[in-house]
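Me: Please take me through this structure by question and answer, in plain terms.

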Amino acid sequence: MAVCARLCGVGPSRGCRRRQQRRGPAETAAADSEPDTDPEEERIEAGAAALAGAGGGRGAGPSPPPRCSLLELPPELLVEIFASLPGTDLPSLAQVCTKFRRILHTDTIWRRRCREVLHRYRHILGLWQPDIGPYGGLLNVVVDGLFIIGWMYLPPHDPHVDDPMRFKPLFRVHLMERKSATVECMYGHRGPHNGHIQIVKKDEFSTKCNQTDHHRMSGGRQEEFRTWLREEWGRTLEDIFHEHMQELILMKFIYTSQYDNCLTYRRIYLPPSHPDDLIRPGLFKGTYGSHGLEIVMLSFHGKRARGTKITGDPNIPAGQQTVEIDLMHRIQLPDVESLRSFNELSRIVLEVREQVRQEQQQREDGAEDGEGRAPQSPREPQRGPAQPSVELPAEKGGGPADGEAAAAAAPAPEQPAQSGQGQPFVLPVGVSSRNEDYPRTCRMCFYGTGLIAGHGFTSPERTPGVFILFDEDRFGFIWLELKSFSLYSRVRATFRNAEAPSPQAFEEMLKNIQSLTS
Ligand SMILES: [Zn+2]
């Protein structure tokens, strides 16, 4: 309370003396040695007093009283005064007295402060894909408490495709600054350090780290690699020593670590959803053999559904269409016994492929392309109540995990073989799967094509396959030529500011991210 009294001009003479003599910076520094003096407080005091004087002088008499008590001002005015002070000063000001603290707890001040900085950075909220060679990625920029944080989302460890996404902060912007907002790089393990964000244009921005030495570890590259391996793959050097995927892993480490968090991001939108969609579109985690888990965006386009890679690999880079599903051509799987035979499944799929080819031929002959027409409702006639497009609780200040964790904790909305709805499913013998834990019933199957290519995306080719819909949140794809199976599981996190402004904007975004890696 002594401090408060001092500020209010009724305290001991020492406080009053300070009010009367404005000190220069040198004197303020000297005052540091004084036991009862806080130069920071002094600055606030001076600033607040000056502001109060200016504010009061407007309507009041010609000369304000020499000792104006801040405490006597109405709270609304104090809110105005405090709101105009540098954000970093507010915490110290709150310690002055209970009245100030109460006023500073007024949401208005903080909100206004946040709005100012937020206004400058509003364009970076939402989902982004980094330009990082074939690898891509998923960055979610959110307002989190007093920061704007860029969270990089990583798939769970291979092959646990049903596990929640993992995330780590790559940068943060302090909302409580007045002039130039502080941007910090969060990359590495040595805490936040100086960084920079450049907003190139509305749908593109870059990050830069000004202290990349903070990314280095004392144990050198060896330790950095081991740490990355543990975090990214949940593996040890010894684990991967005997695996053929070690080259892929090494390549990714060498390639991605050279960026040192200096990345360019391009905006991505979540796919628009329509009540007639087979399932709700969105992001999925999928198994990609030795490449580990990758993030794929499922979207619906009339009679086709597409899976676009949000993360990629040296064979099929991010941005490419990994699978395309022909919703006009359902595939009736044989009974489970016959399904065990790969040749039988292969025969069925190739038959459909031939049919698709013939129809295409006919269309070309008739010069009539029905590409834009809506499908004849490939959707099941009876499903549960329509899923709202946003069904997870909105995230609060606790980080992006909230939505995902909450959803993961809830029972999976799987509907096992409900009144003849499900059909028994088993992988044909000889088809390899990263994950033996795939669903044993499915709802329906469609003919589809999967993109395969050599290293460096050489000779890409769409090859025949089967799309298997397991439930609202899981689907699979059998790659006939590779004799392998990918299992996809929905990313259950909630993303804000990620809706496309229009269906056209979404299509354009897909085209753009694809052209970047073609
Ligand atoms: Zn950094």
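**Strand pairing and the zinc site**

Strand 7 and strand 8 (residues 263-268) pair in the antiparallel sense over four bridges; strands are DSSP runs of E, at least two residues, numbered from the N terminus, and two strands pair if DSSP finds at least two bridges between them. This is a predicted model, where local features need pLDDT of at least 70, side-chain atom pairs count only at pLDDT 80 or more, and totals for chains, interfaces and linings use all residues. Residues are numbered from 1 along each chain as its sequence is written, and side-chain values use heavy atoms, with hydrogens and water left out.

Me: Which residue in strand 8 is the bridge partner of phenylalanine 205?
Reply: Strand 7 pairs with strand 8 in the antiparallel sense. Within strand 8, the partner of phenylalanine 205 is tyrosine 265.

Me: Which residue in strand 7 stands opposite histidine 196?
Reply: Strand 6 (residues 193-201) pairs with strand 7 in the antiparallel sense over six bridges, and a hairpin of two residues joins them. Opposite histidine 196 stands lysine 208.

Me: Why is strand 7 largely enclosed by the rest of the structure?
Reply: Buried means under 20% relative accessible area (1.4 Å probe, protein chains only). Strand 7 (residues 204-209) is largely enclosed because the buried ones among its six residues number five.

Me: What is the geometry of the site of the zinc ion?
Reply: Donors are N, O and S atoms within 2.8 Å of the metal (3.2 Å for Na, K and Ca). The zinc ion is coordinated by Cys185 (SG), His193 (NE2), Cys209 (SG) and His215 (NE2), at 1.9 to 2.2 Å. Four donors count as tetrahedral if all angles lie between 85 and 135 degrees. Here the angles are 101 to 117 degrees, and the site is tetrahedral.

Definitions and conventions
Four donors count as tetrahedral if all angles lie between 85 and 135 degrees; four count as square planar and six as octahedral if opposite donors are over 155 degrees apart and all others between 65 and 115; anything else is irregular. Buried means under 20% relative accessible area, exposed over 50%, partly exposed in between (1.4 Å probe, protein chains only).
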